[in-house]
Amino acid sequence: MVEAGWGIALALGYWVLLFVLALRVERKGKAQWLRSPYVYALSLAVYCSAWTFYGSIGRASSFGLSYLPVYLGPTIGAMLFPLLLRRMILLCKHYQIGSLADLLSSRYGKSVAVGSVVTLISLIGIVPYISLQLKAVSESFGLLMLESPFETATKPVFEDTAFYVALVLLAFTWLFGTRRGNMLEGNPGLVSAVVVDSAIKLLAFLIVGIAVTFWLYEGPGDILQQASARLDLRQLFDFSSTIRRDDWIWISFLSMGALFVLPRQFQVAVIENTQVAHVDKALWLFPLYLLLINLFVTPLTLAGIDHFGGNNFSSDYFILELPMSAGYSGVVLLVFLGGFAAATGMVIVETTALGNMAANNLVLPLLLKAGWPGSERDHNLSRWALNIRRLAIGFIIIAAYLYYRNISHWSSLVSIGLISFVSVIQFLPTLIGGLFWKQASRKGALAGMLAGFAIWTYTLILPSLASRGIIDAQWIETGPWNLTWLKPDALFGLEGYSTITHSVIWSLFWNCLCFVGFSLFSGQSIEERNQAKLFVDVQDYLQQQINPNEWQGNAYTADVRNLLHNFMGVAQAEQALKGFAKKHALDLEANPIADPRLLAFAERLLAGTLGSASARILLQSVAREEEFGLTEIMGILKESQQVIALNKELLKKSTELRKTRDELSIINQRLQKQDEVRNDFLSTVTHEIRTPITSIRALSEILFDNPDLEEADRQQYLQVIVRDTERLSRLITQVLDLERYDSGRQKLTLSRTYWSDIIEDCRASLKGLQEGKHVTLEVMISANLPPLIADTDKIIQLLINLLGNALKFVPENSGVIKLKVFLQQDFFEIRVEDNGPGIEPEYQQLIFEKFYQTVNQGLKKPIGSGLGLAICQRIVQLHGGKLFVESEPGQGACFCFTLPVLETVIVQ
Amino acid sequence: MKFHRLYLQRLTAIMALAILLFNFPMLGIVSDKFLDNGWPVSLLYLFAVWALLILALALISRKRRADG
Amino acid sequence: MRKVLIADDEPNIVLSLEFLFRKQGFTVLIARNGAEVREILKTETPDLIVLDIMMPDEDGYSLCRFIRSSALYQGVKIAFLSAKSKETDIRKGLDNGADAYFMKPFSTRTLLTKMLELLEKPQS
């Protein structure tokens, strides 16, 4: 009796723990530990309900190893995770699907009928399964109280533990299974509870196994020996009977399929999945869990047989009775807790899933079709949906309780479980066909599922109702209307199979036949065809945007957004994201996990500014396929103070990066420009050099090939050659000069000179030219100019150049060039004025550039060949002065430059 | 993509093997056989194969991650 | 007698070309810029036009396009002779309708041979 009190305390304590845990998880938002693949695998273990916990041993005690197919099937099924489950997850995440009914309804043209049929079959098939869990809990509790199961089942409602269990589970499901309108967001609180349940039930099973095997007995060998003394064990370990063989195969298959279509499995495996990549780890972790929880089934069974005899009425509860009889109070309580946890986990997930289906695929569509709730539908629909879900969950649990009270105590745990499996397996052809076969149609799906369900009802439900006397049992024996081939346990004359196998064979046969037949011989609506394409080709669909192998890792939208903010600037990034969301009809706020297309898009955007390699690395930093992504690590760190420092560091780093990026891009632009200028310069120099070389070469060849040339021509050609050679060497000198200035290697040799001397030198150099053209040169120098401290040779070169230019452009005979030198505050101003044609304003800047014709390629500049003014400008600049031109077209031009006055001694 | 295909091929192979080993006639071989100390061969066989399959799955899944 | 029009603003180069073509018995017409080319073409239809690209008033490309756009000069062969040697310049020259593109500096013998060959070639 101690144990019963402790049992209640323990159960209540456990529930409180679950409530607190789930609440904490929900309150804290993203619980990072929930995003681990181990947690995912543990949540999948919701597969092992109280049926596993108690029923496996019950089945093993009567049928030996035949309890195993229920676990070997899913082990094989897990190998299909990357093919099947991954696809289901992708589809649901991609098309915002919240349940199996939703998935199938959406696939078959968003059909309400398909959704409703799936929901109804699930409800009818699974409510008994839920009641089974209540039964297991209350019976196990009854065992603690030393009641017989019969006593337990006939207590009044208010003394019935199952009633209170149902109430608490209902509260829990309401609290944590219906928190959010959007089902795709998942229910982390619910998952955290399921994970703890899974851990507890495994732990309990292992501990009781070890306790019984190694404390109560001296190891498995001992158990084997003791049990074989009581019973011929051969029958437990042989496969010789054909019924067992067929059961083995069909139940394996049944369980393998159920793994993908049980509402609770769909809920944890697909809806609550946080990262697609987890399925690759779950595919061995989940079978490992199954193996571990079955490890001690046989030893415990044998021990139970040894203790309580072969055909005990309560072999389902050997696991509890063994430690009880041995007086291991702690272990008893742990086992009770384990079974309790198994039931809790199963019920809350299953009812959540069924509630979703019932609300969204049955009640809501019907209400909406009936025009309800009228004008309010827009803003209140999600609230309504939530309430309908809560209501549906309430009904499901109440129905399960009523079923338990009135019917379920007649059957053992395993048989109810398997009957449920057969009902949901009816979705398998529709599901697989829907995922991989475009032709699969709505009519096919409906026909298949309904046919399978009808056979299920006819072969499994009616006989069990008849055997309870609820309906007339007569026709079961003889077949309706005495047609023996319609006998529900030997339909169409199929005999020699267990009822379950018999039902699986016929229901799936008719299911597939109708499904394939109707799909092939009836058409699809346009909507159906579209949906079929979207579902079957989902990979291509994703691939168009992205290679799914590249960005399958999950990143948070917020992380991607931050990344873009940092590297593109907030405004630009937001604009780009807006455009992207609009284009793909995505709501970026709705889904915290970044859509793969968003990742690809972000990569492209970043690649635009940073280059593809950097973009890839940056995105990899937020989207990793490893079990702990950046966000997970960040989340864990967040709990400690370190993260604040780290955040600051990161922010600084990214600001620095942004600055560096800006600088780099500026430098890059400058380099590009310089490169362009240099290329232009080089091609112009090449052109300028080629021109004289061309005439030199051509004329030389002519002279060489034509020795009989007339003397006058010979003289002319030779003169041209000499002149062009001079031109060439001048050009080369100028280019080299310019290069010296530009590279800063040109040094000035300063000396002290008087302006009069400089001008005299210039006059002398230009005399010939000036007189040949009959041009007047007027020189006006202010009196009392201080001496010039400068590189005299360079200044003379500069002046000759400017004067020479002027000479070139002034008209013959009437040309006038004025050279003025005067003092302007603390610098000299020198002006060279001419009465030539002048310079158009748009050319006034350009003429100082080397070969300025680079700007208008193909045309030659109106002034002489190109480098003179560029060199002049550099000479002036090197002396610390400025060179500029003033001109009005038609009014002549004036080239002016300034030079600093370095010595202010007045000269007489 | 290449690794992904290889991964699926490996899984398919393991799955085929599992179906063969967990089925008849393989199970017929171990059926109704006992070791000298009384241990049923069928039980040992099933759990051993099961464990080895899980090991193989773990290795394949790990290799996939290592391969990228 | 065959006629050649030489369009180049470098008198020294014109000098050599003039001599070479005269020696082959051509009548040589000379233009120092685009305007002169257009002027000459009003009255003359040469067999061959040798065009420089960089000229003071108009570039050789547009001249070439102008000549090619007129039905009057269908049979006229046009050869660019330019110091511009980049691949893009050459392609641009040929794209604008020239029959050949020669580069400066040139070998007198080779240039002449090729020019004569060009004249022999049937109109494409």
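## Helices and chain contacts

Modeller: Helix H5(A) has 15 residues and reaches 19 Å from its first C-alpha to its last, close to the 21 Å expected at 1.5 Å a residue. This is a predicted model, in which local features need pLDDT of at least 70 and side-chain atom pairs count only at pLDDT 80 or more, while totals for chains, interfaces and linings use all residues. Residues are numbered from 1 along each chain as its sequence is written, and chains are lettered from A and ligands numbered from 1 in the order in which they are written.

Colleague: Which residues of H5(A) are called buried, and what makes them so?

Modeller: They are Phe81(A), Pro82(A), Leu85(A), Arg86(A), Arg87(A), Met88(A), Ile89(A), Leu91(A) and Cys92(A); the term requires 20 or more other C-beta atoms within 10 Å of the residue's own, with C-beta atoms placed from the backbone. In H9(A) the buried residues include Val165(A), Leu169(A), Phe172(A) and Trp174(A). Just after H5(A), Gln96(A) takes a positive phi of about 55 degrees.

Colleague: Why is H21(A) called roughly antiparallel to H22(A)?

Modeller: Helix H21 (residues 427-436) and helix H22 (residues 442-467) of chain A pack at about 155 degrees, with their axes 8 Å apart. Angles over 145 degrees count as roughly antiparallel, and H21(A) is therefore roughly antiparallel to H22(A). The angle runs from 0 to 180 degrees between N-to-C directions, with axes fitted to C-alpha atoms over the stretch in contact.

Colleague: Which residues of H21(A) and H22(A) meet?

Modeller: Phe427(A), Pro429(A) and Thr430(A) meet Ala445(A), Gly448(A) and Met449(A), contact requiring C-beta atoms, placed from the backbone, within 7 Å. By class, four of the residues are nonpolar, two polar and none charged; Ala, Val, Leu, Ile, Met, Phe, Trp, Tyr, Cys and Pro count as nonpolar, Asp, Glu, Lys and Arg as charged, and the others, Gly among them, as polar.

Colleague: How many residues of chain A are in contact with chain B?

Modeller: There are 31, in contact with 31 of chain B, and the largest share of the chain A side, seven residues, comes from H15(A).

Technical notes:
Helix = DSSP H or I, 4+ residues; strand = E, 2+ residues; numbered from the N terminus. Parallel < 35°, antiparallel > 145°, perpendicular 65-115°, else oblique. Contact = placed C-beta atoms within 7 Å. Buried ≥ 20, exposed ≤ 12 C-beta atoms within 10 Å, placed from the backbone. Expected span 1.5 Å × (residues − 1).
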